[in-house]
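Me: I'd like to go through this two-chain model and ask what stands behind the labels. Could you take me through it?

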Amino acid sequence: MEIEQTETETGVLVVNLDGRLDVAGAATADMPFSVIAGSYEKVVVDLQKVEFIASIGIRVLIQCARRLAQKGGGMVLLAPQETVERVLTTTGIDQLMPIVATADEAHARFA
Amino acid sequence: MRRVSLGARIAVIAVVSIAALATVLVTVSEIKARLQANRFAVEQLASDADLFETIRDLDASIMRRIAAQLARDPATDNALVAQVQNQLVSERLDRIRTRLGVPVSAFVLDADGTPIVQSGTIRPASETFELLVGLVAQRDNPETIAPLPSGGFALVVADEVRRGDRITGYVVLASDFGGRLQTFFRSVEALALVTPEGALMLSGSQQSIAAQVQDTCCSGAQRATTTGTLNSRSFVTVLPIVDALERPIGELVAARDVTNRSRGELLVNGLAALTIILGVLLAVGFLLRAVRLSFRPLNAAIRVLETMLHGDLSVRLRPITATREIGALVEAVEKLREGEEARSRLMVLNTQLAAARNIQQSLLPDPAYQTDGLSIYGSMVPAEEVSGDFFDIFEIDSGEVYVLIGDVAGKGIAAAMFAARASEVIRTLAHQGGTIDAVVAAANAELCARNPEGLFVSVFVAMLSPRTGHVRYVNAGHCPPFVETQPGALRVLEPDGNIVLGIMPQAVYKTGTLQMNAGERVLIYSDGFDESQNRDGAFLGEEKALHVFGTTTGLVPEATVGAVMGAIRDFADGASQSDDITLLAFQRTEPTNSHTSPAH
């Protein structure tokens, strides 16, 4: 799991994830997402390169998203692969974190 | 077997090495001392030989001068003619006697060498006269040392008496040479003249010394030896005595008492030995101390290991200064102890995990449930000791049967405890009655309320009516179950987009329904099934999972669960199970009392 963070001019943090968000991936991502939750309000998580997401990976995203929501911010999930999107919709967490297809849509959410 | 401590072994080696070194030192000094003694012996011998020669030459020259005077004196000639001793000869002899301080004899021989006048007590044998008379013709003033028949030796000189060119007789003087030697070798302890026939003690009383050299007498060689016992040691020089023809005729033996000097040497040697012993002891002491100091950390390490053997892992090793090897050992022991401590903590944890597993297993229902019109079978295989999965089968007062499967995100004790709580909450709420969506919503609210770990659980809850085959279900974020309506006719019970429990307190849950006819089967499962992995890390996937379910057509729930578990194992092909696997199958069966029951 590789994590790349880019902050846009509008103060939105884009997090690019690459790899599997399984038990090991979640362990790697846990700390960075805790830091992100403490440092930002608006976060876009780019899931294009995530092949797999386990429930423990969802938990990492949810914990971050909940803390962002408490601060009045939020998290948007960008362009997940089909299998990953199915997991996200199955678990219903798209209710908590909107899933969008393009970057423009993602940024529009925080406009 | 008795084990020798390393310290003792090193001490023994050290003592042996130091003793060996000391022996070498003592040997070297002994050799040096012996060399010195030999040098002393050579010097003493040379000095004695010089003295001996000097006395002989001195006496001989005095005697020759007087012999010459006598030979020229008319009185001697008269004496030869008269063949009687006269006054003049006696007077001259008295002068020599006074000069030398020892008895001297004078002889006047005729031309044939026969004594005609003699004076004094020293009487050389007739061969001596013959020897000298023979020598007179060859050299001036012949002299010799001759054994005396009475013992001892005489220094004898001769001169010829002439009348014109004709030799009319000889004057021979003989002095007690042994007595002369005695006056010069005053400092010796014992002085003896030794001949093959016997020894004449000139002074002292150590007959034994003379006797010792008797056997080797008269080889004609100078030598020096040391004799004696522990209490008395003597240094002995032996000088050959030769006659005018250089024939060895006896020996002068001079013995000097070196007992005191030996004592001094012994004392010095003793002091040296004592010093060496003290040095050795000191060295050993220092060495033992050094060894003990270096091994002290080792003892500490041993104590730690011993306490570890008794199960006590609390004794730590303080950081210490030690030699490299022991330091490394001590570090290793400390690491071992830490490792053991961690292991023992892990063992405690494992014990706790095993207890948790027991508790969790005891919370699971009887896997098989049979009632008229319904057959259910559930099974859970945790990936680790405890599981985040759970399932439940229970009947509520209305006669309907709840089946549910839950999957808490994550694994381990926290997940297991959350699973137990979720299971308990749903069961409690279900028993209180109400619609299934209300039960799930209430359970969600309850699980959101106290959730410090931010855990969540996906559940599939179904309320089955054994009598009618009607099924109401809520899928809260769980994997979609499989349904088989007809043999080979499979479908996926698509999710309704309900969110998992534990995240959104206000979440509303949609209910799904299903009408099951006799023989219809439903398989609900946790993602351990469709996300099971093989050795290459490939997932089974939902499609293949559905296919696996399809292969179980005609099987009752228990057999279905068994067959699917088997298929998962086959797919995994030895890869370790990465997630909990829970399967629950239920089947609508033909009610035996269908005549009393409504069709639906």
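**What the labels rest on**

Reply: Happy to. Read from the N terminus, the elements of chain A go β-β-α-β-α-β-α-β-α. That gives four helices and five strands in chain A. Keep in mind that this is a predicted model; its scores are ipTM 0.87 and pTM 0.55.

Me: What makes the five strands of chain A an open sheet, and in which order do they lie?

Reply: The order is E1-E2-E3-E4-E5 in chain A, with mixed pairing. At the edges are strand E1 (2-7) and strand E5 (99-100) of chain A, and each of them pairs on one side only.

Me: How do you know that E1(A) and strand E2 of chain A pair?

Reply: Pairing calls for at least two bridges between the strands. E1(A) and strand E2 (residues 13-21) of chain A have six bridges, in the antiparallel sense, so they count as paired. For a spot to look at, A:Glu7 sits opposite A:Leu13 of E2(A).

Me: Which helices of chain A lie on that sheet?

Reply: Helix H1 (residues 23-39) of chain A lies across E1, E2 and strand E3 (42-53) of chain A, at about 165° to E2(A). Helix H2 (residues 55-70) of chain A packs on the sheet too, where it touches E2, E3 and strand E4 (74-78) of chain A. The direction of H2(A) makes about 140° with that of E4(A).

Me: What makes a residue of chain A buried, and how many are?

Reply: The cut-off is 20 or more other C-beta atoms within 10 Å of its own. Of the 111 residues in chain A, 41% are buried. For chain B, with 600 residues, the buried share is 35%.

Me: Which side of chain A touches chain B, and what is it made of?

Reply: The contact takes 14 residues from chain A and 17 residues from chain B. H2 and helix H3 (82-90) of chain A each supply at least two residues of the chain A side. H2(A) gives the most, with seven residues. By kind, the chain A side divides into five nonpolar, seven polar and two charged residues.

Me: On to chain B. Why are strand E13 and strand E19 of chain B said to stand at the edges?

Reply: Chain B has 13 helices and 21 strands. Five of the strands form an open, antiparallel sheet in the order E13-E14-E15-E16-E19. Strand E13 (389-395) and strand E19 (512-515) of chain B each have a single partner strand, so one side of each is left without a neighbour in the sheet. On average, neighbouring strands here are turned by 15° against each other, direction ignored.

Me: How do you know that strand E16 of chain B and E19(B) pair?

Reply: Same test: at least two bridges are needed. Strand E16 (residues 470-476) of chain B and E19(B) are joined by four bridges and run antiparallel, so they pass. One place to check is B:Tyr473, whose bridge partner in E19(B) is B:Gly512. Helix H10 (residues 436-449) of chain B packs on this sheet, touching strand E15 (457-464) and E16 of chain B, and makes about 25° with the direction of E16(B).

Me: Where in chain B is the pLDDT below 50?

Reply: Chain B averages a pLDDT of 83, and 94% of its residues score at least 70. Over residues 594-600 of chain B, though, the pLDDT is below 50. Beyond near neighbours in sequence, that stretch has three contacts in the model.

Key: Residues are numbered from 1 along each chain as its sequence is written. Chains are lettered from A and ligands numbered from 1 in the order in which they are written. This is a predicted model: local features need pLDDT of at least 70, side-chain atom pairs count only at pLDDT 80 or more; totals for chains, interfaces and linings use all residues. Two residues are in contact if their C-beta atoms, placed from the backbone, lie within 7 Å. Axes are lines fitted to C-alpha atoms, for helices over the stretch in contact, and angles run from 0 to 180 degrees between N-to-C directions. pLDDT is the predictor's confidence in each residue, from 0 to 100. Ala, Val, Leu, Ile, Met, Phe, Trp, Tyr, Cys and Pro count as nonpolar, Asp, Glu, Lys and Arg as charged, and the others, Gly among them, as polar. A residue is buried if 20 or more other C-beta atoms lie within 10 Å of its own, exposed if 12 or fewer, and partly exposed in between; C-beta atoms are placed from the backbone.
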